[in-house]
Amino acid sequence: MKYIGGKFRLRKWICGILNKYRKPNQTFVDMFVGGASIVREMTGSRIANDIDRDLIAFYRGLQRGWIPPSDLTKDDYYRQYQRWCGGESDALIGFMKFFCGMFGGAWGGFAISNGTSNGPICRPIYYSQANDSLKLAEQLTGVYLHSVDYRDVFAQLDSPCLVYCDPPYADMYNSYNISFDSELFWKFVREQSHKHTIIVSEESAPKDFKSISMEIIDPRINARRTGKADIRVEHLYILKGKEI
Ligand SMILES: C[S@@+](CC[C@H](N)C(=O)[O-])C[C@H]1O[C@@H](n2cnc3c(N)ncnc32)[C@H](O)[C@@H]1O
């Protein structure tokens, strides 16, 4: 599924590292699950959390067998938006809010892929998202879902877990409409690392964290923006002394 800030393209690399750190039968926690790219690739005992209740309502719906529509109109989209404005939350709202918008992020604007915005016309974007939802539903079987602040999840974890954190980036425009205190986050990770194995996706980290990094070449960005090789470095961080 396409989700802003999603780790879909890096999922094999990230899950490879997570599995290296995972102890036998250890519970895996995806603390900021977003588009679920990571948790869906992991197996065994799993917990997924995201503060966004609509997103979690969508995943809960999939677990119950709810099937997202693949044929949508602009009216459908804005009807759900109105319900959401009125304080409602369910699987359909979560699906529309995050996976049917044009610009990504929450309520990114109704996506028109065939030049018209009215009428019951099947649009490929919803087809592909809805199709992937069926596979996702299967992959989320047995995952415990929560929708609370990450600190409340840590407070509920009894035994030492493997925790993956992909929080909103400290220096980026926050498209999740949620304020996020990165300094507090790192303080929390530092404290909780004495009990849990915590791996964080971020662009930078405090000096007492070690980076396991990877260079990525993105051919699409190259061609459009600079015409040159565009190399980004993706980091996974772990508290120094905890690395293997
Ligand atoms: C970068 S996205 C995660 C992307 C995800 N790893 C993926 O591959 O799609 C960050 C997520 O953190 C969630 N979030 C923001 N603040 C949070 C908090 N305090 N506790 C839990 N989740 C939070 C947002 O709703 C958003 O979905």
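Two residues are in contact if their C-beta atoms, placed from the backbone, lie within 7 Å. This is a predicted model, in which local features need pLDDT of at least 70, side-chain atom pairs count only at pLDDT 80 or more, and totals for chains, interfaces and linings use all residues. Residues are numbered from 1 along each chain as its sequence is written. Helices (H or I, at least four residues) and strands (E, at least two) are DSSP runs, numbered from the N terminus.

**Confidence**
- The pLDDT, which is the predictor's confidence in each residue from 0 to 100, averages 85 for the protein, and 80% of the residues score at least 70.
- Over residues 119-124 the pLDDT is below 50, although this stretch has twelve contacts in the model beyond near neighbours in sequence.
- Where pLDDT is low, the predicted coordinates should not be read in detail.

**Helix 1**
- Ile14, Cys15 and Leu18 are buried (20 or more other C-beta atoms within 10 Å of the residue's own) in helix 1, residues 11-21.
- Viewed down the helix axis, the buried residues of helix 1 fall within an arc of 95 degrees (taken from the directions from the axis to the C-beta atoms), so they line one face of the helix.
- These buried residues pack against strand 4 (162-165), strand 5 (197-202) and strand 7 (231-239).
- Lys12, Gly16 and Lys20 are exposed (12 or fewer such atoms) on the face of helix 1 turned away from its buried side.

**Helices 3 and 4**
- Helix 3 (residues 74-85) and helix 4 (residues 91-99) pack with their axes, lines fitted to C-alpha atoms over the stretch in contact, 10 Å apart.
- Tyr77, Gln80, Arg83 and Trp84 of helix 3 make the contact with Leu92, Ile93, Met96 and Lys97 of helix 4.

Key: Axes are lines fitted to C-alpha atoms, for helices over the stretch in contact, and angles run from 0 to 180 degrees between N-to-C directions.
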